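Work through the exercises below with the sequence and the 3D view at hand. Try each task before reading its solution.

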Amino acid sequence: MQGVFRADLLERKAKIKAYHMRLLTILAVSVFVLVCLTSYATWRHFLSDLPKIASNEEIWTANRKPSLEMVDATGETITIRGPRYGRKVSVDALPAHVLQAFLAVEDARFFEHGGVDLWSIGRAVFENLTAGHTVQGASTITQQLVKNVYLSPEQTFKRKLQEMVLAWQIDSRLTKKQILEIYLNRIYFGQNAYGIDAAAWRFFSKHPSKLTLSEAAMLAGLPKAPGRLAVDLTAAPAIERRAVVLQRMVAAGFITQVQADATMRTPVALRVTADIPEGQMGYVIDMAQKEVEGVGKQVAPDRILRLTVDAKMQAAAVQAVQALVGDGTGTGVTQAALIAMDRQGRILAIVGGRNYDESKYNRATMAKRQPGSSFKPFVYAAALEKGMTPDTIRVDKPISLGGWRPRNFNGGYSGAMSLSTALTRSTNTIAVQLASEVGIDRLILLAQRLGIDSELPRNLSISLGAGEVTLLDMTRAYATLANDGVRVDPYLIERIDTTRGTVAFQRENKAPVQVYEPLRARQMTAMLADVVAFGTGKRARLPGGREAAGKTGTSQNFRDAWFVGYTSDIICGVWVGNDSSSPMNGVTGGTLPALIWEDFMAAAHEGKPLSPLPTLDDLKRPSPNTLAAFYESLADMFAAAGGQDVAALPALRKLPSPNAPTPVPATATNIGR
């Protein structure tokens, strides 16, 4: 019998089914939302701040502390400031036992996993649970690289999870060889040494390719606790760690037990490479460190600065200063500075004071002092630019300009003379007359074009060096004259390399800027050569007939004494005085500074061929030695005839003895030579 159709029951079942479907949908959506929220919360907590690996190059440089290694013009390391980063070493250049030592002790399954060794993690968990405390780790070399490059050393689950994620990422983008190479070149070994090259040099004074099995095992054991183990590699903890490495190498099948036992019986032979003392290179290093900050672009942290300084010239500069400047006894001089450069602006030597250890203040670049008559060449250069010549006549006589009555150093007057003679004798009255004729503004602009960056006073006393300038300013301006009027911009950094062999900065060859007419520059050189040959700069004459040009300078009351000059190869400036600006005992630019200049330049030119100064070919001048001999013989003739003014000749003035009475200081109008 067919039952009665119940539409209400079907409707009820449909409603129940729909209700259940709604519940299931709500439950599914809830679970989905919960999973999403949980995932988001987990991601936000553990991975939201996960470091990004921007590039393969970044893995080499990320989070490295800034380091400066400085090398001189010959490539010899001068010093290292900051961490000692080794040069990049390819794994192909390393002996097998070096690589095997690190693999055995840090990650024997390195070539078998994908950055994270899950099998080793499981084994470590079992061993640690069985022992009741941590007895075994499971970090791979890739994880250790991540920890050292990107993460902090804190032991948290979050940090460990991030370490694993980054290790997978690195393993997917780099080959095993690349990972191992970065690891060996970045790992910290203690004693401020980063990378296997730095460690091999630090502890054994050799390249990593020359490491023995014993040395390799010793180094491989250090990264576990570099702060403790690297203190003394002959101590028990370091030797015990080496034994652990050797036994791990045996277990990995890299060496035999016999080899391990023989190596463990081998005494540790250290040849520690000590830190290079900065000594009197300190002024160079400080200047280079300041200059690198102005490169104008982001430079890699592992920087190798290739400097222009010549180590032999630097030593000669220090020797020249220290040999003639002491504690002030006799001369009253306690400080000095020297800077030398070539015609391209490369700084070859710089001494900022008598002793860097006693005072790190760089008087060559920072101290502003009155240059005295060493400023006069700029006055004469301006006069030549206005149309005068070295043979133009002016009269040395008493003058008064606005109530100012400048006088000569010797107090007398010599009448009419050429500009060349006036500069040779350092005649004050003619320098002031020329400055008045040229105009102060024109004189200042010319000095600035030549290289004087210091602010100069707008009055006629500037013609006698009453302004304040740095030794670097003066030497640069003279260098421009030596360079046929092409401006010289001094620099100390030629190039910046990285430890990976890449070039981070290369100084560009700038187009020459002609700031003074070459003909006039050569006329100035000819006149300045006369100053050295038989003028106030006679004590700066160089041996062997080498031609030199330069000018002396002495500021008011003997507070500063200068000699700035050049040959065809090198431009050098010297200043002596006292930090307190107290007067010296009659020291002029033609005495102590000229002697220091001559000592340094004679040493700096050893082995260099004799090269003539860039003077005018049509001047037909006799050689400086010939002229000097002529004037000396002439002076002897006058003396024999009873002449009274011979002693005033600058070429015949003698350096005052330490026991000589101090000369009466000149008045403010008598700025000396």
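This is a predicted model: local features need pLDDT of at least 70, side-chain atom pairs count only at pLDDT 80 or more; totals for chains, interfaces and linings use all residues.

**Exercise 1. The order of a sheet**

Give the strand order of the open sheet of 5 strands, and explain why one side of β8 and of β13 is left without a neighbour in the sheet.

Solution. 

Step 1: The order is β8-β7-β15-β14-β13, and the pairing is antiparallel.

Step 2: β8 (347-351) and β13 (549-554) stand at the edges. Each has a single partner strand, so one side of each has no neighbour in the sheet.

Step 3: From one strand to the next, the twist averages 5 degrees.

Step 4: Look at one pair inside this order. Strand β14 (residues 560-566) and strand β15 (residues 570-577) run antiparallel and are joined by 7 bridges. Val564 stands opposite Gly573 in β15.

**Exercise 2. Helices on the sheet**

Which strands does helix α20 lie across, and which strands does helix α21 touch?

Solution. 

Step 1: Helix α20 (residues 518-534) lies across β13 and β14, and runs at about 65 degrees to β13.

Step 2: Helix α21 (residues 592-604) packs on the sheet and touches β7 (335-342), β8, β14 and β15. The direction of α21 makes about 145 degrees with that of β15.

**Exercise 3. Salt bridges**

How many salt bridges are found in the whole structure? For the pairs Arg487 and Asp453, Arg476 and Asp473, and Arg522 and Asp484, state the distance and where the partners lie.

Solution. 

Step 1: A search of the whole structure finds 27 salt bridges.

Step 2: The side chains of Arg487 and Asp453 meet at 3.9 Å, N to O. A salt bridge requires a distance within 4 Å, so this pair counts as one. Arg487 is in the loop between α19 (471-482) and β11 (493-498), while Asp453 is in the loop between α18 (440-450) and α19. They are 34 residues apart, and the pair links distant parts of the chain. Arg487 is partly exposed at 24% relative accessibility, whereas Asp453 is exposed at 54%.

Step 3: Arg476 and Asp473 form a salt bridge of 2.8 Å, N to O. They are 3 residues apart in helix α19, so about one helical turn separates them. Both Arg476 and Asp473 are buried.

Step 4: In the pair Arg522 and Asp484, the closest N and O atoms are 3.1 Å apart. Arg522 is in helix α20, Asp484 is in the loop between α19 and β11, and 38 residues separate them. Arg522 is partly exposed, with a relative accessible area of 26%, whereas Asp484 is buried at 15%.

Terms used:
Residues are numbered from 1 along each chain as its sequence is written. Side-chain values use heavy atoms; hydrogens and water are left out. Two strands pair if DSSP finds at least two bridges between them. Helices (H or I, at least four residues) and strands (E, at least two) are DSSP runs, numbered from the N terminus. Axes are lines fitted to C-alpha atoms, for helices over the stretch in contact, and angles run from 0 to 180 degrees between N-to-C directions. Contact means heavy atoms within 4.5 Å. Buried means under 20% relative accessible area, exposed over 50%, partly exposed in between (1.4 Å probe, protein chains only).
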